[in-house]
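Here is a short briefing to read with the structure open. Take it topic by topic, and find each residue as you go.

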Amino acid sequence: MLHRYILIGTLSLLFSFASCQPSSKTTDPSIESKIEKILSEMTVEEKVGQTCQITLDALFVRDEENKVVEPFQLDPKKLKEAIVDYGMGSILNVGSHTFTLEEWAYVMKNVHEPFENKKTQVPIIYGIDAIHGVTYTVGGTLFPQEIGLAATWNPELAAQFGDVVAYETRASGIHWNFSPVLDLGRAPLWSRHFETLGEDPFLATQLGDAIIAGYQGKGKIDPFHTAACLKHFVGYSGTVSGRDRTTAWIPEKYLKELYLPAFKSAIDKGALTVMINSGDVNGVPGHINHNLLTKTLKEAWGFKGFTVSDWEDFTMLHTVHSTADDLYGAIVQGFNAGVDMCMVPYNPQYKEYIKLMIKGVEEGKITKERLDDAVRRILRVKMLVGLFDKKMNQANKYPNFGGKAHQELALNTALESITLLKNKDNILPLDAKTKVLIAGATSDNLIFLNGAWTHTWQGADSSYNTKTAQNIKEAFIQKLGKENCLFSQGAELYVEDDFEKSRLVNPDDFTAKAKQSDVIVLCLGEYPSTEKPGDILSLNLDAAQLELAKLAYATKKPVVLVLVEGRPRIIRPIVENAAAIVQTYLPGDYGATALVQLLFGEANFSGKLPYTYPRHDGIMEFYDHPKSTARAKSNKFDAYNPQWNFGFGLSYSKLVYSDLTLSATELTEGDSIKIQVKVSNESNRSVKEVVQLYIADEYASVVPANKKLKAFEKISLAAKETKIVDFYISSENLKFVDIDNQWITEKGSFKVMIEALSTKFELK
Ligand code: BGC
């Protein structure tokens, strides 16, 4: 069977996702005139209130020791004070744990009551981190974290993910999602690596655009969609030390080539809000970077939505970054740089913020025009998401919340994400009659599959685990029956003195049970964490988990390593003796079900690494490194030698690539060429394959990249099927940032690579 598979190459099908989204770039005259009317009736105090955001925690009833009384209740006095007296613009988050839909309805009723009863003229916009599902609502559908979504290399799936997350967020009464993270995963040690779409700007752009299309929907935001919030503008993930919220050094060239494109594209597609980088780039804190926030984002890119600070970051300008010698100076710096809303977020600190902002306006340190600009942007987003329509609490409109269709999508996403890294002598798929030992620190609790931002901020409290979802041990028992599924934990992860620790657990029991089984499935990985609590000292997998793998190898039984991790932890010492290695990332509530289906061959693998998997902790490598980075130390090996390459992933099918052809061997400026490749599935199993097209500029005026991903397409191939895939590459796709930090093309020879095939063309 031969099928022709046409695609529009880098002009990508994603443009169709985004064609009629609400726009953060254009304005609607009828909305603008309403905004101007409201603005003209607002006092300075009311305007300043709009720029203020507090956490819901700040509004709870507390006991004498200032602890939140459980079950939580909103304090009517605090509510009135914040919303009516201070004219608060926004509330975020959830308190310490997840809420039921009924509890959300209660929160929303109280939060919107003042506007609905005309006590305020502007409604509150509520924001939440629904980053892999509506993570703070009981019964919400939990998908793989973004890094797992990236491993699907499937923009259509990403758009469907966005659509479901938006639906369930709206079911919870919330209009604004602090997602997606568009930071690039270029510091694997960083605790938030799992929140990224991987290391490559092209992949992150395609998937980011798709997620946003899913979140915001088409046209005016309807009751099933939310505003997206692009995080964290920009360079946050480039931390030099690997620690959260620390300095990144990013030359302008790489800011333009790597870190900005996903944000720029998302703004072009209509993303409504942007959250700012808590760290600093080249010594300039994200929150005072006028050049990026105002000149680039708002003026050059034409962004008309609003920017929000990250947690307490105006205060941090004074207390951490030390760019202002008091809070007043910090507020003036941040606001004037272009931050429109401040996530203060505490009580009574918000009162101080509002007081100092008013002082800033009165003393002329903040101009009335700048204040109006910020408020205009906030009102615009509030109108676009429908908050002025006064139909906020309609939980009964969402019958699909947490339902079967959503769960199936989460399962499919996990199935397309989980990545097969090694399969020696085809040990996989496992036979359903195999006797298996399930072991390892991440094998018997859902918290490991979900990671942080799940029911709680750090995601480590299992009391909120979804009752109907399975952990890895449970999914294996369901598949094999208790008699064929032994269990011994073998090692455990825990936190002590603020750092992740591990220890062996009853190793004799582990070895004894290993000897009774045919295969050992050893689940390794990380303790759930994010942000500062997730800082670690080394990327190496900890000693106890490595030791457990060695105990497993000593039994001479085949060992399948299952990685459950947000960061690519270095496992070099245990790779060689493993029979198979599977990367699950953080696959969510349906990850264990998906893993079992894949390991037993009920489904085929199609996930591909969205990052370069490092081999040594002293060398961080990226596939698109400047050519000079790979200068070898001796003639024996190349210096670029990761554990696994970006884009790598095996399947159960034998795929053969052939007939790489070009429509022309010469390309002129402004023109494009067609690149064609044939992909054959020689196996008897259907499979999905990500066809990846890379281009290398052979010589350039600055060191060219090793190669760059320029197009990809995930195709389905039936057993024995062959397809021809077409890509179109134009001279635009060959641009790079030159010595003067300008995007240019240079004439010369370009190498095209698809899988092991390559060819060349000349830009004339
Ligand atoms: C994180 C943001 C998040 C915000 C609100 C911050 O600490 O950096 O990503 O959206 O908290 O929860």
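The points below cover the domains, the ligand site and the nonpolar cores.

This is a predicted model. The protein is divided into three parts: domain 1 (51-395), domain 2 (418-593) and domain 3 (627-763).

**Domains**
- Start with domain 1, which covers 51-395.
- The C-alpha centres of domain 1 and domain 3 lie 36 Å apart.
- These two domains are in contact, through 14 residues from domain 1 and 17 residues from domain 3.

**Ligand site**
- The side chain of Asp129 has an N or O atom 2.5 Å from an oxygen atom of the ligand.
- For the side chain of Arg192, such a distance to a ligand oxygen atom is 2.7 Å.
- For the side chain of Glu531, it is 2.8 Å.
- On its own, the ligand has 310 Å² of accessible area, and the protein covers 97% of that area.

**Nonpolar cores**
- In soluble globular proteins, nonpolar side chains tend to be buried together.
- The largest nonpolar core here has 210 residues.
- Trp104, Val107, Phe233, Phe476, Leu522 and Leu599 have the most contacts inside this core.
- Leaving out residues up to four places away in sequence, Phe476 touches Val436, Ile438, Gly481, Cys485, Val521, Val596, Leu599 and Phe600.
- A second core is separate and has 24 residues, including Tyr657, Leu693, Ile715 and Leu734.

How values were computed
Residues are numbered from 1 along each chain as its sequence is written. This is a predicted model: local features need pLDDT of at least 70, side-chain atom pairs count only at pLDDT 80 or more; totals for chains, interfaces and linings use all residues. Side-chain values use heavy atoms; hydrogens and water are left out. A polar contact is a pair of N or O atoms within 3.5 Å; within protein, one must be able to donate a hydrogen and the other to accept it, and residues adjacent in sequence count only if both atoms are side-chain atoms. Accessible areas come from the Shrake-Rupley method with a 1.4 Å probe; for residues, only the protein chains shown count as cover. A nonpolar core is a set of buried Ala, Val, Leu, Ile, Met, Phe, Trp, Tyr and Cys residues joined through side-chain atoms within 4.5 Å. Buried means under 20% relative accessible area, exposed over 50%, partly exposed in between (1.4 Å probe, protein chains only). Contact means heavy atoms within 4.5 Å. Domain bounds come from an automatic or database domain assignment.
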